[in-house]
Structures are given as C-alpha cells and as structure tokens.
Amino acid sequence: MVNEAPHDYAVSPPGDVIENEYRPDYAVPPGEVLEYELELRRMPGSELARRTGLTEQRVDAILRSEGEPVITSETAIRLERALGMPADYWLNLEARYQEAQARLTASEPLPPRAKIAQHSKSGFFSFPRSEIVKEFAGVSAE
C-alpha cells in the first residue's frame, strides 16, 4: 500500500517555501504609528522636531502622512536616533503602507473562487470547506 496524503491536504514538493499571502484591506500610515509612539513617550511634535533636526512643519506632515513617501531614508535615521527605533522599522512601515495603498487603489474585486483560494492559503478560514463554498459560491459542497 502506498502512503498517500489525505485529499484535503496539499503536499508541497521538498524545498518549497510557503509564504504568508495575507493582504489586508486597509493601510496604516506611518504617521499614525509615530503619533502613537509620541503619545507613549508623552513627547510633543515640537520636541521630536528639536531632537531630529526636522522642522515642526515636516513632523506635522509626517504625522498627517502627507507626501509620497513621508518617511525617507534620512528621516528614518533621524527617527532612529531620536526614538531608539531602528531606521529599517520606519522604512519597512513606509514601504508596507505604500504597497497597501497601491493595492487598495489598483485592485479589482476578486471572483468568488479567487477569494476562496486567497483566504484558504493564508489560513484565514477556520471553518469547514462546505461552509466556505456556501459563503462564496452560494452552493452546497456536499
């Protein structure tokens, strides 16, 4: 008898890397995160401006997430020095925000089967497959 995987499970070839394909339907601007960090430290924007050497107007623009992108490499280094949070954290936050914004503005609605595939790959669904089919396709899988 040959050992076979159950039909409900996909077997990946050895060496394949499974990546998280979760794509949120929202984008968090880096300015919101910065505002939160300033609140935690009870630091006004004017103090951040002083510590970073940025103008208060520039700090306000970052907090409002105005400009494209608002966190440049130079700004990230200044934030790192002032707040002790790595520059790559701020750059990654900006990159993720810009990517999410692009996906939100450029995306077309997915057909039901594509939604099922997208969500099931990310582990989003935690209920039986028959319920997934009913939800998205309006049919019974039984």
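## Nonpolar core

In this predicted model, the largest nonpolar core comprises 19 residues. Those with the most contacts inside this core are Leu 34, Leu 48, Ile 71, Leu 79, Leu 83 and Trp 90. Two or more residues each come from helix H1 (30-41), helix H2 (45-52), helix H3 (56-63), H4 and H5. The most are given by H4, which supplies 4 residues.

Leu 34 touches Leu 48, Ile 62, Leu 63, Leu 79, Leu 83 and Trp 90, when residues up to four places away in sequence are not counted.

## Packing of H4 and H5

Two packed helices are described by the angle between their axes and the distance between the axes. For helix H4 (residues 73-83) and helix H5 (residues 87-106), the axes come within 7 Å and the crossing angle is roughly 135°. H4 and H5 are therefore oblique to each other, and their crossing is right-handed.

On the H4 side, the contact is made by Ser 73, Ala 76, Ile 77, Leu 79, Glu 80 and Leu 83. H5 contributes Ala 87, Trp 90 and Leu 91. Sorted by class, the contact of H4 with H5 has 7 nonpolar, 1 polar and 1 charged residues.

## Glu 37

Glu 37 is a residue of helix H1. Its relative accessible area is 13%, under the 20% cut-off, so Glu 37 counts as buried.

With neighbours within four places in sequence left aside, Glu 37 is in contact with Met 85 and Trp 90. Glu 37 and Met 85 are 48 residues apart along the chain, and their C-alpha atoms are separated by 9.9 Å.

Methods
Residues are numbered from 1 along each chain as its sequence is written. This is a predicted model: local features need pLDDT of at least 70, side-chain atom pairs count only at pLDDT 80 or more; totals for chains, interfaces and linings use all residues. Side-chain values use heavy atoms; hydrogens and water are left out. Axes are lines fitted to C-alpha atoms, for helices over the stretch in contact, and angles run from 0 to 180 degrees between N-to-C directions. Angles under 35 degrees count as roughly parallel, over 145 as roughly antiparallel, 65 to 115 as roughly perpendicular and the rest as oblique. A crossing is left-handed if the near helix is turned anticlockwise from the far one by less than a right angle, and right-handed if clockwise. Contact means heavy atoms within 4.5 Å. Ala, Val, Leu, Ile, Met, Phe, Trp, Tyr, Cys and Pro count as nonpolar, Asp, Glu, Lys and Arg as charged, and the others, Gly among them, as polar. A nonpolar core is a set of buried Ala, Val, Leu, Ile, Met, Phe, Trp, Tyr and Cys residues joined through side-chain atoms within 4.5 Å. Buried means under 20% relative accessible area, exposed over 50%, partly exposed in between (1.4 Å probe, protein chains only).
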